[in-house]
Amino acid sequence: MRHHSWPLSTWALLGSLAAGCGASHSHVTWTEASPREEAPLVTSAPEAPPLRASADPKAFAARYPNPALCEAAARRLQAESRDEGWAALKACIELTPFTQIRALLGGAWAQDLSVRPDAASLIARVVAQRGGSVSGELQYLQERKIPIFSLASAVERPDTYKGRYVMLRARVADQRSEGEKPTVWLVEHTLASVETNAPVGLGETYDISSISSGDMGGQTQLTGPGQLGGSVSTRERSSVTTTRKHYDNISDETGREALGRLQGADPFLEARRDYVFLARFDGVRLTSGGTDDDAEAPRIPVLTIVSYHSPQALVVY
């Protein structure tokens with residue numbers, strides 16, 4: 001058998017180690033080492049507990065970069081608690097530029113929209129944030145069987161719509177106090193699309209003038225034979241301009257007016273500004289000079305204003 005030959009330095013090192021151990025008479029006791037406890041493997045950061053919108057609506061809405069994600073989070077909360085889900089939805093609508101009316105009127109919130117007392121006000125706010133095109137939005141609401149109606153329908157059949165919600169875009173013409181509650185005079189408006197031609201790029205203008213002179217001979221009854229001289233000047237102008245069609249939404253009066261009762265004086269409800277009003281229809285009232293027996297006497301609808309919202313400049317279709 002072949003033995004490995006160790007170098008002399010290696011043997012010397014082993015001998016010194018053996019001598020040291022014998023001189024110190026130290027005894028080494030070997031014990032089984034306890035296995036080291038390994039830390040659990042963490043694959044992701046622990047999920048933060050869900051934030052309750054009822055406790056801090058602003059903080060809840062601020063967690064989401066857009067209203068669509070905020071509404072989706074509200075639906076997830078609804079699975080745990082309908083009250084928390086509704087509070088989350090309110091935070092999304094009131095604290096973000098929420099325009100997703102189809103998501104609001106979808107099946108997830110149908111039950112809440114039918115029983116929550118503030119549901120109609122939330123719908124009116126969304127309509128205002130979509131630009132305040134009330135006539136078009138009311139058509140979609142009625143397709144979904146949402147009991148909010150137009151002022152025109154209420155005026156035509158006041159007995160049928162008395163006590164129901166109406167929504168209108170209107171401008172405050174005047175505000176007066178009748179007893180403890182102030183009353184505002186509302187002039188209904190609607191959005192109409194107007195076509196205009198706006199110049200685009202550079203235009204060209206041509207201006208040409210010419211002068212012609214000469215003599216003309218002849219005979220007239222007054223002067224007899226003779227010759228006339230003079231000049232004739234002409235001028236020609238033309239222009240070429242490139243335009244592009246633009247369509248703007250213009251607020252125009254419908255011809256309908258109404259009296260709106262407020263719960264108290266409101267300094268933020270300014271005159272000569274458009275608002276989207278949600279109101280309860282209280283019937284019609286005779287104007288001055290009319291009698292109850294006269295079916296043709298002028299009448300004006302009376303409303304109890306529930307909420308009002310400033311419409312955004314851009315209309316969402």
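Visitor: Hi! Which residue lies over the face of Tyr140?
Guide: Arg102 does, at 4.8 Å from the ring centre. A charge counts as over a ring if NZ of Lys or CZ of Arg is within 6 Å of the ring centre and within 35 degrees of the ring normal. This is a predicted model, where local features need pLDDT of at least 70, side-chain atom pairs count only at pLDDT 80 or more, and totals for chains, interfaces and linings use all residues. Residues are numbered from 1 along each chain as its sequence is written, and side-chain values use heavy atoms, leaving out hydrogens and water.

Visitor: Okay, switching to His189. Is His189 buried or exposed?
Guide: Buried, with a relative accessible area of 7%; buried means under 20%, using a 1.4 Å probe and protein chains only.

Visitor: And what is His189 in contact with?
Guide: Beyond its neighbours within four places in sequence, the contacts (heavy atoms within 4.5 Å) include Arg169, Ser251, Asp252 and Asp274. A polar atom of the His189 side chain also lies 3.0 Å from the backbone oxygen of Val187.

Visitor: New topic: how many aromatic pairs are there?
Guide: Six, where rings of Phe, Tyr and Trp (its six-membered ring) pair if their centres lie within 6.5 Å; planes under 30 degrees apart are stacked, over 60 edge-to-face, and the rest tilted. One of them, Phe149 with Tyr161, is edge-to-face, at 5.1 Å centre to centre and 65° between the planes.

Visitor: Are Phe149 and Tyr161 buried or exposed?
Guide: Both Phe149 and Tyr161 are buried.

Visitor: Which residues do ring pairs link into a cluster?
Guide: Tyr275, Phe277 and Tyr308.

How values were computed:
Buried means under 20% relative accessible area, exposed over 50%, partly exposed in between (1.4 Å probe, protein chains only). A polar contact is a pair of N or O atoms within 3.5 Å; within protein, one must be able to donate a hydrogen and the other to accept it, and residues adjacent in sequence count only if both atoms are side-chain atoms.
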